[in-house]
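Let us walk through this protein step by step. Keep the sequence and the 3D view side by side as you read.

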Amino acid sequence: MCSDDNEEEKQNDKTTPRTEQVTKTSKRETQAVRKPVKKMELVAENVPTEETPQVVSEEVPVAPSTNEEQATARQASKEQVPETSIEEQVENELEAVEEETLENALVEESVFDVVEQMPEFPGGRDQLNKYYESNLRYPEVAIENGIQGRVIVQFIVNTDGSISDATVIRSVDPACDEEALRFINSMPHWTPGQTNGKNVRVRYTLPVTFRLI
């Protein structure tokens, strides 16, 4: 029995180194297998993370184009403002011209009794007296009947100085009235009346005297 036990112990002793060798071998294999994993991990850890910002930096330059578009839009809006202001200015000028034209038309159509500068016969009062002496004709009928007096004639001096709308507002005799109207209507152009520096139509009254000598 003892011999058997000794043989078993020897066999066990012989198998023990093998087990240890197997264990060592398995450890080495395990280490050998793990070594590539470590290398892979090291490779993975050594991958440069700075490449990602480089890619992003290449895509970022979109901003300048956006800025250029904004600058172009601003410039276009600035260019449109003067056009609008010019259009408004033209409209205002046209309205002012229309108002002035309408005002002038109303002034020209209006007849004033008193203005800043009253109409005047060309050459003044002296020339008017000479015109009386050389152009007034005493009607023969009035002379024969001894008719004399002063006919009051009212007329309009237009903006161009012409005479129109002559009317007798105080009569003496039909023959004298007729001669007074002829005398007034045959006058040359007067210097027109003015107000605010503009020629205007003025109603004027002038006596035409018939006197026997």
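Start with T195. This residue counts as buried, because its relative accessibility is 19% and the cut-off for buried is under 20%. The model is a predicted one. T195 sits in strand β4, which covers residues 193-195. Which residues does T195 contact, leaving aside its neighbours within four places in sequence? They are V115, E116 and V200.

Now step back to the whole chain. The protein has six helices and five strands. Read from the N terminus, the elements follow the order α-α-α-β-α-α-β-β-α-β-β. The protein has 213 residues, and 19% of them are buried. Its accessible surface is about 16300 Å². Carbon and sulfur atoms account for 50% of that surface. Then look at the contacts between residues at least 6 apart in sequence. Of these, 75% join residues at least 24 apart.

Charge is the next topic. Side chains of opposite charge can pair when their charged atoms come close. How many salt bridges does the model hold? The count is three.

Take D113 and R203 to begin with. They form a salt bridge in which the closest N and O atoms are 2.6 Å apart. D113 lies in the loop between β1 (111-112) and α4 (125-135), while R203 belongs to strand β5 (residues 198-210), so the pair ties together parts that are 90 residues apart in sequence. How open are the two partners? D113 is partly exposed, at 47% relative accessibility. R203 is also partly exposed, at 29%.

Another pair is R201 and D165. Their side chains meet in a salt bridge with an N to O distance of 3.9 Å. This pair links distant parts of the chain, with R201 in strand β5 and D165 in strand β3 (residues 163-170). The two residues are 36 residues apart. R201 is buried, because its relative accessible area is 19% and buried means under 20%.

Then there is R182 with E179. The N to O distance in this salt bridge is 2.5 Å. Both residues are in helix α6 (residues 174-185). They are three residues apart, so about one helical turn separates them. E179 is buried, at 9%.

E87, E88, E91, E95, E98 and E99 form a negative surface patch. Pick out E98 from that group. Its place is helix α3, which runs over residues 62-109. E98 counts as exposed, because its relative accessible area is 56% and exposed means over 50%.

Finish at a loop. Q148 lies between α5 (140-144) and β2 (149-157). Is Q148 buried, exposed or partly exposed? It is partly exposed, since its relative accessible area is 43%, which falls between the two cut-offs. Not counting residues up to four places away in sequence, Q148 touches Y138, V172, F210, R211 and L212. Q148 and C176 are 28 residues apart in sequence, and their C-alpha atoms are 8.3 Å apart in space.

Notes: Residues are numbered from 1 along each chain as its sequence is written. This is a predicted model: local features need pLDDT of at least 70, side-chain atom pairs count only at pLDDT 80 or more; totals for chains, interfaces and linings use all residues. Side-chain values use heavy atoms; hydrogens and water are left out. Helices (H or I, at least four residues) and strands (E, at least two) are DSSP runs, numbered from the N terminus. Buried means under 20% relative accessible area, exposed over 50%, partly exposed in between (1.4 Å probe, protein chains only). Contact means heavy atoms within 4.5 Å. Patches are made of residues with over 30% relative accessible area and no salt bridge: like charges are joined within 9 Å, nonpolar side chains (Val, Leu, Ile, Met, Phe, Trp, Tyr) within 5 Å. Accessible areas come from the Shrake-Rupley method with a 1.4 Å probe; for residues, only the protein chains shown count as cover. A salt bridge is a side-chain nitrogen of Lys or Arg within 4 Å of a carboxyl oxygen of Asp or Glu. Lys and Arg count as positive and Asp and Glu as negative; His and the chain ends are not counted. The place of a charge is taken as NZ of Lys, CZ of Arg, CG of Asp or CD of Glu.
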